[in-house]
Amino acid sequence: MSENSSPKLESTTAAGTKKPFPEWIKPKGKETELLINNSLTGGKVPFVFNESGKGRSLTWYACGPTVYDASHMGHARTYISFDIIRRIMKNYLGFNIQYVMNITDIDDKIIIRANESGISHSDLSKKWETAFFEDMKLLNVLPPDALTRVTEYVPQIVEYVEKIISNGFAYESNGSVYFDTVAFSKVHDYGKLEPNSVGNEKLAAEGEGSLTATSAVSEKRSGFDFALWKKSKPGEPVWNSPWGEGRPGWHIECSAMASDLLGGNIDIHSGGSDLKFPHHDNELAQSEAFYGNRQWINYFVHSGHLLIDGLKMSKSLKNFITIKQALEKYTSRQMRMFFILHKYDKAMNYSPESMGYAIEMEKTFVEFFHTAKQILRDSPLSLPQFWTQAEKDLNKHLQNANEQVHQFILDNFNTSDALKTLSDLVNKTNVYIRSCAEQKTNPRLNLISAIAEYITYIFSVFGLTESSTAGSMIGFGSGAGKGNIEEEMTPILNALTQFRSEVRASAIAKDTTAILKTCDNLRDEVLPLLGVKIDDKSATTAMWKFEDKETLKKEMEQKKEIEKKKQADKEEKERKLKEKFEKSKIPPQQLFINETDKYSKFNDLGMPTHDKEGVEITKSQLKKLQKEYDNQTKEHNNYLKSIQQQEQSSSPTLTSTQSPQ
């Protein structure tokens with residue numbers, strides 16, 4: 001049946017209004033206070049989980065990458081966002097999660113890229129899968145509990161397709177198998193996630209892949225039917241099937257693999273918002289056709305789009321940023337802080353300015369943790385610990401922050417406002433600490449400790465710090481390994497030994513300048529690379545801090561870049577001033593005379609009257625040239641005045657007893 005004569009799937013009602021979301025079936029089980037933005041409803045709904053026999057357990061299937069190229073910032077947006085949510089549900093809300101993710105290792109994009117690269121599809125996908133998980137490790141994204149690859153599930157996919165055919169929702173045509181969207185729509189809801197995209201020919205065609213031949217349309221009963229099994233063409237990988245040699249379609253892989261491990265009803269399914277239609281909607285249709293049920297997924301969550309400087313990321317726009325490129329400029333923690341500052345399901349913009357805000361937010365907490373550590377390290381518990389009104393007020397801020405953060409987390413994982421609440425708590429604590437210093441009283445240790453430990457705990461939940469139990473660690477940690485003390489201290493002791501030798505030599509030579517330079521070098525160049533930061537508080541006092549080596553390294557690089565730019569700007573300014581000064585030496589009458597490549601005739605003042613072709617200069621051109629001429633006259637006169645002033649200042653001054661000869 002041709003597309004022109006095929007049944008149509010409409011995206012709007014007869015009146016032209018948008019179609020509403022189909023009815024969502026609320027799961028049976030225990031309803032929680034947690035609200036989730038469910039793409040199946042278009043809004044927030046309470047999270048319900050089945051307690052029977054599983055305790056606080058849930059199943060989660062995450063759409064993994066198609067591995068044909070380097071992972072980019074769009075991947076970082078999706079996988080960091082859902083890693084944060086996964087950590088919250090596990091470590092804060094106490095759910096036992098079975099987290100499954102797929103790898104699409106055979107697809108039209110992989111076949112095209114492999115053929116272009118002259119390597120096998122298998123070698124290409126393995127290369128980029130390895131690179132993807134390396135990037136995820138660098139971003140501190142937890143690995144899945146189970147990993148499924150399409151090439152390892154082909155027999156299960158074939159069986160899945162056979163069942164859909166036997167249920168009456170798919171058909172074979174010319175060696176390929178297509179899902180019958182019209183037959184399905186008669187008894188099920190098709191397009192649950194984006195009802196208004198149903199019937200969009202462009203999106204439907206993109207979902208079929210760029211290797212789909214135009215002749216395939218004539219093989220379908222409806223132009224909007226999609227491939228479950230594709231007949232392989234020459235040069236494409238093949239697997240045996242009841243319909244001949246071929247390969248799985250794109251959408252069927254997730255249905256078959258997720259069903260194999262998680263069954264006919266899954267709690268959560270996640271992915272990027274660009275996959276809603278047709279990919280995720282087709283997944284839902286296939287699975288409901290397979291099981292004969294009304295709801296395969298209870299909660300579908302999607303991460304929002306990521307823009308680069310306000311534009312969609314694209315190689316054609318030359319704003320395609322890989323994860324590795326981003327990590328050359330920013331640390332993993334800074335990138336996670338950036339994503340935490342934005343709601344996971346909303347569009348967000350990646351730019352130097354937005355990353356700068358994330359870095360400043362990180363510094364706020366870094367400095368607070370260092371201050372808290374110094375107080376706890378230097379102030380003995382024997383000092384007064386009685387709570388005045390100031391301590392009672394600060395404790396109230398802590399309790400309020402605790403409750404606000406909890407409510408923000410329950411409100412669709414609102415980490416953005418939760419982080420701002422913690423930042424406000426830090427600001428109030430800093431005010432308290434400064435007030436103690438002004439009044440010459442000591443901060444109350446247990447209160448400072450409680451605040452620092454609480455913030456550390458929430459950061460641990462968000463994946464910003466190493467996992468820790470309350471009280472065992474404050475702050476981000478230094479990133480030090482877990483080796484023995486000698487191994488960890490050796491680089492620092494080597495640096496201090498070298499420092500002592502240099503200072504001793506300079507002292508013997510009585511070279512104070514060299515001593516100060518050596519001290520600055522230890523602070524600015526040596527210790528940061530070892531995870532130690534020193535801040536000068538006065539001419540005679542300083543404070544040391546442990547910090548993540550990579551963070552300090554990036555700070556050093558950023559500082560050097562700023563200094564490099566300052567120097568370049570300074571040199572450019574000096575060059576322009578010199579150029580302007582040299583130009584000021586030229587009398588205005590000679591300004592244009594040598595520009596014979598532009599002009600052929602000049603008047604008595606040296607002003608051009610005809611261009612190089614002998615055509616008379618227009619009035620508008622003459623006006624511009626006159627302005628330039630007048631400006632040169634002014635600059636040249638200033639030059640002559642400066643020369644005259646120099647000559648006068650260098651001439652001998654006659655005293656009252658002297659007279660000219």
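Predicted model: local features only at pLDDT ≥ 70, side-chain atom pairs only at ≥ 80, totals over all residues.
Residues are numbered from 1 along each chain as its sequence is written, and side-chain values use heavy atoms, leaving out hydrogens and water.

**View 1. R523 and D524 form a salt bridge.** Their closest N and O atoms are 2.7 Å apart; a salt bridge here is a side-chain nitrogen of Lys or Arg within 4 Å of a carboxyl oxygen of Asp or Glu. R523 is partly exposed too, at 23% relative accessibility.

**View 2. K324 meets D135 in a salt bridge.** The N to O distance is 2.6 Å. This pair links distant parts of the chain, 189 residues apart: K324 belongs to helix α10 (residues 323–329) and D135 to helix α3 (residues 121–138). Helices are DSSP runs of H or I with at least four residues, numbered from the N terminus. Here D135 is buried, at 3% relative accessible area, while K324 is partly exposed at 38%.

**View 3. E635 pairs with K580 through a salt bridge.** Their closest N and O atoms lie 4.0 Å apart. Helix α19 (residues 619–650) holds E635, and helix α18 (residues 549–584) holds K580.

**View 4. Salt bridges join D108, K230, K233, E236 and R247 in a network.** Across the whole structure, a search finds 36 salt bridges.

How values were computed: Helix = DSSP H or I, 4+ residues; strand = E, 2+ residues; numbered from the N terminus. Buried < 20%, exposed > 50% of the residue type's maximum accessible area, 1.4 Å probe, protein only.
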